[in-house]
Structure formats: structure tokens, C-alpha cells
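Q: I am new to this structure and would like to learn how to read the packing of its helices and strands. Could you take me through it step by step?

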Amino acid sequence: MREISFETIRDTVAALAIEACCRMPEPVLAAMRKAREEEPSPTGRDVLAQLLKNADIAASETCPICQDTGLAVVFAEVGQEVHITGGLFEDAVNAGIAKGYTEGYLRKSSVEEPLFERRNTRDNTPAIIHTKLVAGDRIELRLAPKGAGSENKGGLRMLVPADGIEGVKRAVLDIVSHAGASPCPPMVIGVGIGGNMELACLCAKRACARDVDTHNPDPRYAKLEDELLELVNGLGIGPAGLGGGTTAFKVNVEFCATHIACLPVAVNINCNAARHAHAVI
Amino acid sequence: MQTHHLNTPLSKDDIRKLKIGDAAYISGTVYAARDAAHKRMMEALDAGEPLPADLAGQLIYYVGPAPAKPGQAIGSAGPTTAGRMDAYAPRLLELGLAGMIGKGNRSKAVMDSIRQNGCVYFAATGGAAALIARSIKKYTVLAWPELGPEAFAAMEVEDFPVIVVADCEGGDLYEEGRKQYAKG
């Protein structure tokens, strides 16, 4: 067994929080530069230039790209040969979120209960943690902070097999069309197909935390990603929703096994920063 | 498309010149308020109590800033989704508020109220929060500090960059812009 301490996990998560919130992923920057060259709308090009300048300021001053530094979503893959010392894994992740959000001057946007008092927890915990046990003696962490402007615009459609590929396309277009300007386009769109209700949503979230310069390894789903991107960009929403050809940088699709009678489709929309950061301990 | 340099409070004459798609740079005092502060303002009005500031001719910026680092006036401070304030906006526009700065589409009730009351809705670029913060020189909480980033605050701004997305004649750039670039 390899020992990994509570403090190591905490400090890694804290550093990831600051990195994810202040540094735009390189593939997103590349997509944004390309879009600024190709965008037909002059207002759209101005918006993209502002966003590039903003990313530059955020990275050089280590300040958040966006004030909404989101709920902290953590995807963890924990090797079965790891022994965590000094405390519980989830406590270490939450301690890291509290440390990163406090020391990094990131906004605390988490309320402890949704309906009555909505009291802010003041350290952005609890994180939303998805843990998977895997082979090996390492811990892999992917932190994807998610703001509400984009998270509020996602959706789930419980389709049936007869709806097929066309039904999936209609569902995605419908959800993105209704989202309009609110998720801060150009968006990165995560689509989860299959599973059941909760697994489709989880797939969609994983998809929107995937880099924009990747495709699904299954060529049929990779082709669907490109077809969906073309359809979405045909909506005309454009940068900041002010009209234009770049409504999304990328549509990422993930799929999983499902029931003979099910075709769930979940769409999770990410904003133009598509924030995420990754570390291996 | 024109570019305007505006000082708050805005006059009706200032607002009449603004057309959708125009760029504007705002200087002066702008008030910061979002979900929770709007709920408190409505409660104050219901109870017959004064609002934290006189909103006549003024602008409300829908924002919940990140904390300021030592030496900064404010942390990153981009616009939040305006639609969440749709339930409250018409009442404030009727009381003389000149307009709002935010991002995203508004309800029909808000668009009607903007037109009927001769107001304006500006968009700041969603996600350009570090860039926008540079035009905010001072941030002073005026009410409800316990709301943290949702407190009601006065901001002193210089050349704060916005685009007119709804004008007093009923123009809607979100709708027009999208129509212009939609395919099929």
C-alpha cells in the first residue's frame, strides 16, 4: 500500500482550485483565438477580444477569470492500493476547497440549504465529489468549478429508443436554444446519452469537463459531436448571445449502456471559460 | 452603431439616444445588487421603508463580485444572469430606475416596462470579470453586509464598458442579433 496524507490531498485540491479559476485551459484559449479570426459578427469579434484580454489579465495577476467561481465539482479516481492517512478522503478534498477558495480570494457561492435560509457556508464547501475506485496506487483529481449562469441552463430529456439520433439532436438544440445568452457563450456543451436519469446527467458533466481539442474515441459519437456543433452554431446566438456564428466551441458527447426501453439525454452547458484543472498524486 | 460616453445619473435625453448594438462607457456611481438584495428591496418597499439609495436616474449592475485582494478596490466583477431579477425589475423601473446592467434575455414584462418607462438595459460581457473590475475604482457596501457578495453596494466606475441590448423603443439585440446570424 502506498500512503498518501490528508495534507497532500488538501494542498493539491487547494492549488487546483486556484489554477482552475484563474487560468483558462490552453485548448479553450486556442479555440477562442481561432473563433476571433473566423467569427462573422463584428460585435462577436469584439466580445472574443475582450474575453482573450480578460484571460490574460486573470492568468498574469492570478485573479479569477469570472467572479462566479462556482460550486466545486471534483472527479476523483482513487487507486485501490492507496492508503489515506490522517483523515477521511472527502474531508481532505473539502479542506482543500476551503483553503483554495479562501487563500485565492475566490468567491464563496455555496449555500448550506436550498429553500429556507440559504445561508452561505463561507468557504465554498461542500464540494460535489464523484469518486471512482480504480487500479493502482495513485489518486487522480479533476476539478471543474461550475458557475450558475451555465449550470442553470442544463436539461434532461427522457427520450425513448424510437426518438433515435434525430430525437437526440432536437433535444440538444432545444435546450441550447432556450439557454440563449445566459450561459456566457461561446459555450462548451456536454451531452450524456444513455444510462438512467442520474447517470446521463453525470455523463454530461464529465463531457463538459473534457478538453475541447478531444473527440469521443468511438467514431460514430465523434461524428455526432461535429454534427451537433454545426447545428448549434446555426442557431445564431453567437458570442455573449449578441448574434454570431460562434455559439459553441465544442460539443462533447459521452455515452453509456442503457435499458432496452430508455434513451435519456442530458445536456450540461459550460461557459466560455470551460474551467477545469487536473493533477495526479 | 454609435459609441456613447455616459455619466450617471442618466437623463431621459441620454437614454433616448441609445440604440441596440451601440457601445457605451459609463462613469459615475452604479449600484450593485442581485438576487438577495432585490428580495430585501421589495421587502423594504412593502414595509414602506426607504431603499438603501435614491435610484432615480441610476443604474443597477447585477453583480456579486469576488473578494478584493489587498490593494484592490474589488475582485473580479462580471455580470450575472439578469433573468433572475425579472420578477423585481419592473417595480424599480416604475420608481425611476434608469436601467440595468447584466447579461441574458429578459422577460416580456421587463421588456415592456423598459419601453413604457423609457429605460435601458445594457449587457456587460459575461466572463470578462477581471477586465471589467479594472473600470471599478471603489466599492462601498451600503446595506445588508451579511449577504456577502450579494450585499447592496455603491460602485464608482470609470469608462465601464457595456453594449445596449434593450432600448426605450423596444429594440432587443438578443433577438435581432440572433435572427441576423441564424441559419435555416
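Q: Is the crossing of α6(A) and α8(A) left-handed or right-handed?
A: Two packed helices are described in general by the angle between their axes and by the distance between those axes. In this predicted model, the crossing of α6(A) and α8(A) is right-handed. The axes of helix α6 (residues 164-179) of chain A and helix α8 (residues 219-233) of chain A come within 10 Å and cross at roughly 40°, which means that α6(A) is oblique to α8(A).

Q: Which residues make the contact of α6(A) with α8(A)?
A: From α6(A) come K169(A), V172(A), L173(A) and V176(A), while α8(A) contributes L228(A), L231(A) and V232(A). By class, the residues of this contact divide into six nonpolar, no polar and one charged.

Q: In what order do the strands of the open sheet of chain A stand?
A: Four strands of chain A form this open sheet in the order β4-β2-β5-β10, and their pairing is mixed. Because β4 (128-134) and β10 (277-280) of chain A each have a single partner strand, they stand at the edges, and one side of each is left without a neighbour in the sheet. Neighbouring strands are turned by 15° against each other on average, direction ignored.

Q: How many bridges join β5 of chain A to β10(A)?
A: Strand β5 (residues 139-146) of chain A runs antiparallel to β10(A), and four bridges join them; L141(A) has A279(A) as its bridge partner in β10(A).

Q: Which strands does helix α1 of chain A touch?
A: Helix α1 (residues 6-22) of chain A packs on the sheet, where it touches β2 (71-79), β5 and β10 of chain A, and its direction makes about 40° with that of β5(A).

Definitions and conventions:
Residues are numbered from 1 along each chain as its sequence is written. Chains are lettered from A and ligands numbered from 1 in the order in which they are written. This is a predicted model: local features need pLDDT of at least 70, side-chain atom pairs count only at pLDDT 80 or more; totals for chains, interfaces and linings use all residues. Axes are lines fitted to C-alpha atoms, for helices over the stretch in contact, and angles run from 0 to 180 degrees between N-to-C directions. Helices (H or I, at least four residues) and strands (E, at least two) are DSSP runs, numbered from the N terminus. Angles under 35 degrees count as roughly parallel, over 145 as roughly antiparallel, 65 to 115 as roughly perpendicular and the rest as oblique. A crossing is left-handed if the near helix is turned anticlockwise from the far one by less than a right angle, and right-handed if clockwise. Two residues are in contact if their C-beta atoms, placed from the backbone, lie within 7 Å. Ala, Val, Leu, Ile, Met, Phe, Trp, Tyr, Cys and Pro count as nonpolar, Asp, Glu, Lys and Arg as charged, and the others, Gly among them, as polar. Two strands pair if DSSP finds at least two bridges between them.
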